[in-house]
Amino acid sequence: MDAICRPIALAPCTSDIHTVWSGSIGERFDLVLGHEAVGEVVEVGALVRDFKPGDRVLVAAVTPDWSSREAQAGFAMHSGGLLGGWKFSNSKDGVFAEFFHVNDADGNLALLPAGMDLAAACMLSDMVSTGLYGVELAGVEFGDTVAVVGIGPVGLMSVAGAAIHGASEIYAVGSRPNCVALAREYGATQIIDYHVGDIADQILALSGGVDRVIVAGGDAKTFVQAVQMVKPGGCIGNVNYLDEGDHVIFPRLEWGCGMGNKSVHGGLMPGGRLRMEKLASLVVTGRLDPARLVTHRFTGIEGVEQAVMLMKDKPSDLIKPLVLL
Ligand code: NDP
Ligand code: ZN
C-alpha cells in the first residue's frame, strides 16, 4: 500500500525548529528531519492502485493511517494515538533525504496538477493546510471579525483563508515588514504590532471584541489575550505549536468564570489526498497564491541545511525558504 518517493521540492517548517532546538515533542534521535515536500514516485507496493513510478505528487505533511479507529472517528491526524498521523520526522524518517517513504499512498498522495509551480505545490503540504485549518478551527463565517495572531507563513495562510471564508475585518498581528505587506495583500484590514502594546488592548480598542481568533504564533500570554479579545459566543482556533511551559493559562474573569461561551479548538493539520486535491484546486483556480510565501530559494540537497538555519534565525526579510532538487 506504500510508496517510495524522491523529493523534487522541500521546505523546512518552524515545527522542525521546535523539534530540533527545543525538543518539545519529546526527544527524537536518528531521525531524518523534514515534512514538507513535493515528490516523484519511485516505487509503489503491489496494492497501490492510483500512483505509479514517475508520477509527480503532492505530499501532505501529515499522512494518517486511514483505516484506524481515530480516522473513522473523524480525526485521522491522530491515527494510532495523539499526533500519530504526523509521521515524518516524528515517528519515522522525514523528507530531507534522497528518498522518503509514504504510508497508504492512495490515501496520502495527490497528483501534482499540470503546470503547478513547485513553490506553490510545496506550500500546500503544510503551510496552506495548517493556515486554512486555523480558519476551520475558529469557525469563521461570513461577516465575522477575525484576529490572526502571528503572520509568519502559517498565519498568512490563515489571513488568506479567513478572507476566502468571508471574514470582514481581519486584524493581523505581526511585525516583519515582508509579512505585514503580504498580510495586507492576502486580506488583512488592520496590522497590529505586538511590540507597540498589548495586542488584546489594541484589538479591543479598535473592535470592541472579535468573533474569531486564529492563533498561529505568539507566546505564553497569547491565550490570555485571545480569550480577552474574543466575544462571548466566539471561538479561538489554535494551530500554533506550543513549544515550552507545562501549562496554558486562561484568564478566569474574561472566560466568564468558565461560562463565557468562548470556545477553544486546537488541532494538527488534517492530511490526506482529498484535502491536498481540494487545496490544490484553490491554487489552480487562482483563488489562493501560496507561492508568494517563498522569499528564499536554494538548489540541491545541500541547500536544505541553509534553509533550516534561515528558518531558525528568522531574518527580518524571511517568510519561507524553498529548496528545489
Ligand atoms: P513564524 O515564526 O514564521 O511566525 C510567527 C508569527 O508570530 C510572526 O508573525 C511573529 O511576528 C508572531 N509573533 C511572535 N511573537 C509574538 C507575540 N508575542 N505576540 C504576537 N505575535 C507574535 O512561524 P510559522 O508561521 O512558520 O509557524 C507558526 C506556528 O505554527 C509554529 O509554532 C509552527 O510550529 C506551527 N505549525 C503548526 C502546525 C499544525 O499542524 N498545527 C503545522 C505547521 C506549523 P514577527 O512578524 O514579529 O516575526
Ligand atoms: Zn510543519
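Author: Angles under 35 degrees count as roughly parallel, over 145 as roughly antiparallel, 65 to 115 as roughly perpendicular, and the rest as oblique. The structure is a predicted model, in which local features need pLDDT of at least 70 and side-chain atom pairs count only at pLDDT 80 or more, while totals for chains, interfaces and linings use all residues. Residues are numbered from 1 along each chain as its sequence is written, and chains are lettered from A and ligands numbered from 1 in the order in which they are written.

Reader: How are α4 and α5 placed relative to each other?

Author: The axes of α4 and α5 (lines fitted to C-alpha atoms over the stretch in contact, with angles from 0 to 180 degrees between N-to-C directions) are 7 Å apart, and the helices pack at an angle of about 55°. Helices here are DSSP runs of H or I with at least four residues, numbered from the N terminus. The two helices, α4 and α5, are therefore oblique.

Reader: By class, how many residues of the contact of α4 with α5 are nonpolar?

Author: Two residues are in contact if their C-beta atoms, placed from the backbone, lie within 7 Å, and the residues that α4 brings include M127, V128 and L132, while those of α5 include P153, V154 and M157. Ala, Val, Leu, Ile, Met, Phe, Trp, Tyr, Cys and Pro count as nonpolar, Asp, Glu, Lys and Arg as charged, and the others, Gly among them, as polar. By class, this contact of α4 with α5 has no charged residues, 6 polar residues, and a number of nonpolar residues that is 9.

Reader: How do α4 and α9 lie to each other?

Author: Helix α4 (residues 118-138) and helix α9 (residues 273-284) have axes that come within 10 Å and cross at roughly 105°. Their contact is made by residues including L124 and S129 of α4 and R275 and L279 of α9, and it divides into 8 nonpolar, 1 polar and 1 charged. The helices α4 and α9 are therefore roughly perpendicular.

Reader: How does α7 run relative to α8?

Author: Helix α7 (residues 199-207) and helix α8 (residues 222-229) pack with their axes 9 Å apart, at an angle of about 15°. That angle makes the orientation of α7 to α8 roughly parallel.

Reader: Which helix gives the most to the side of domain 1 that touches domain 2?

Author: An automatic or database assignment supplies the domain bounds, and it divides the protein into domain 1 (3-127 + 269-324) and domain 2 (131-266). The C-alpha centres of the two domains lie 25 Å apart, and 19 residues of domain 1 are in contact with 18 residues of domain 2. On the side of domain 1 that touches domain 2, the most is given, with 4 residues, by helix α1.

Reader: Where does ligand 1 lie?

Author: The shell around ligand 1 counts residues whose C-beta atom, placed from the backbone, lies within 6 Å of it, and it holds 31 residues, with G150, G152, G174, G217 and Y241 the closest. By class, this shell has 14 nonpolar, 13 polar and 4 charged residues, and the elements that give two or more residues to it are α1, α4 and α5. Both domains give residues to the shell, so ligand 1 lies between domain 1 and domain 2.
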